[in-house]
Amino acid sequence: MDFSSLLFTENVSVQSLLFGLVILLIIRWFMTPPKSNYNLPPGPRALPIIGNLLQVLSITDFYSMLKELKKQYGDIFKLKIGPYNYVFVCKTETILEGLVKKGQHLNGRSSLYALDKVFRNKGIVFSSGKQWKDQRKFTMSALRELGVGKQVLEEKMSLETQRLGETFQSQNGKPFSLNKQLSLFTSSVIYNIIFGKRIKYSDSEFQEIVQHFQDVFKYIGVFVPENFFPFIRFFRWNSSIEKVIRKQEKVRSYVKNKIIEHKETFNAENIRDFIDMYLLTLEKEPNSETLTDENLFHTICDLFLAGTDTTASHLTWAFVCMAKYTDVQEKCREEIVQITNQTRPVTMEDKPHMTYVAATLFEVHRIGTIASVTIPHTAEVQTTLQGYDIPKGTLVSFLILEAHSDPNYWDKPEEFRPERWIDENNELKKNEAFLPFGSGPRMCAGVTLVNTEAFITFTKILQIFQLEKPIKAPMKLEGKQPGITYVPVNDDIRVTGL
């Protein structure tokens, strides 16, 4: 008797039996809704272990996917990604409830692989607890001391804007993409604030750093599979996310060398920049558990992220909108001419008198909301939103762009109309649904810096250039979210000198 064939047959039978059992368990799981002690928001049915991960892996426009899910499940819905419940909030009133009224309950950050490897729960954006509070408090104070909103920093921004104008002029009236030019420009501004020096756009290390932070925004998304199943990195060792993680070490080396240089030349009587401000604080508080060299590095990275991609994206939206809506561009320019009499550049002192320009930049924020979906907050305690349970540890993101297009708060929200912001006394109106920088405890710490840079750059460029669409065909104003930020689908324009 051939025992080997019998053994093989038995093995096959056992394997078949096990396979069939797994299939039956999966079928039963689909037919029997999983029980939960919580009243969770609705959402698509999730697979065992991986949840809804397969549904989001191939997504190239994160925001469009969430809008489709909103149509199916309503103003608050849930995805199950690996072990995490991830809740998305679309209704304006619930967004305000989550960010402000219950902001202290939802101000944590979760430990996700990609974010941990790059940011290590340090700095401002991706840290939590006392560490986050101390870094945020220091950064806001330091930026004020370094002149954000004051003339000293305005002069630095003006120099960089002049160089940006020269870059625009060098295009010789031909269509060009705004992304690279504006990223180099905004990075040079933040570079000056952090390191106390101007940097040439052509500097290879500088260009490498700018590209790195652009890649962070592009590839460090929430739905990177490694975030929920870290072991996958061993099978995707050369993925874009792993390349970004490796590149972060090169950026770390560059920044740490700058910190060492500052320590060697530090003079408490002559504070030159952000690093000096941090070193001065370390000198005054040598026993601080949160103000450390490691947090200094990550706070610098956070400032580069905020000062590079987000500010550049806002200005990109602003210039694309002006190229499309030339009538708005002309009204802005008329107000600039009226205030300056065409005899001097615009200054921050002019801002209170330029109502239409300010209203236009507000409308750009509303239409082109950079943070269309917030970075995930984490519930630090069990709470509720819109009548649903939000258990401790749940990830929660708020769809800010939904608030910015809510017809209950905005008349004809699909229209680009700066006039909506101006009342009968030519004063700017307020709207509680306007949340370009978030709200509550996690509101962006660099609001003043971004607004100052945007106003100075926008007005100075309009003083010297006419912005035009790149081709004669009608220009579409559409956005997409391939990574963390919401950007124009097409950022090409033409500029001609006035």
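Helix 4 (residues 92-101) lies across strand 2, strand 4 and strand 7, and its direction makes about 125° with strand 7. Helices here are DSSP runs of H or I with at least four residues, strands are runs of E with at least two, and both are numbered from the N terminus. Angles run from 0 to 180 degrees between N-to-C directions, with axes taken as lines fitted to C-alpha atoms, for helices over the stretch in contact. The model is a predicted one, so to speak of local features takes pLDDT of at least 70 and side-chain atom pairs count only at pLDDT 80 or more, while totals for chains, interfaces and linings use all residues. Residues are numbered from 1 along each chain as its sequence is written, and side-chain values use heavy atoms, leaving out hydrogens and water.

Four strands form an open sheet in the order 1-2-7-4, with mixed pairing; two strands pair if DSSP finds at least two bridges between them. Strand 1 (76-81) and strand 4 (377-378) are its edges, each pairing on one side only. Strand 4 runs antiparallel to strand 7 (residues 395-398) and is joined to it by two bridges, with threonine 378 standing opposite leucine 395 of strand 7. Helix 3 (residues 62-73) also packs on this sheet, where it touches strand 1 and strand 2 (84-89), contact meaning heavy atoms within 4.5 Å. The direction of helix 3 makes about 120° with that of strand 1.

A further open sheet has three strands, ordered 3-11-8 and paired antiparallel. Here the edges are strand 3 (176-177) and strand 8 (465-468), each with pairing on one side only. Four bridges link strand 8 to strand 11 (residues 492-497) in the antiparallel sense, and glutamine 466 has threonine 496 of strand 11 as its bridge partner.

As for helix packing, helix 8 (residues 178-195) meets helix 9 (residues 204-219) at an angle of about 110°, their axes 10 Å apart. The two helices are therefore roughly perpendicular to each other, a label for angles of 65 to 115 degrees. Helix 8 brings Asn179, Ser183, Leu184, Ser187, Ser188 and Tyr191 to the contact, and helix 9 brings Phe206, Gln207, Val210 and Gln214. Sorted by type, the contact residues come out as four nonpolar, six polar and no charged (Ala, Val, Leu, Ile, Met, Phe, Trp, Tyr, Cys and Pro count as nonpolar, Asp, Glu, Lys and Arg as charged, the others, Gly among them, as polar).

Terms used:
Parallel < 35°, antiparallel > 145°, perpendicular 65-115°, else oblique.
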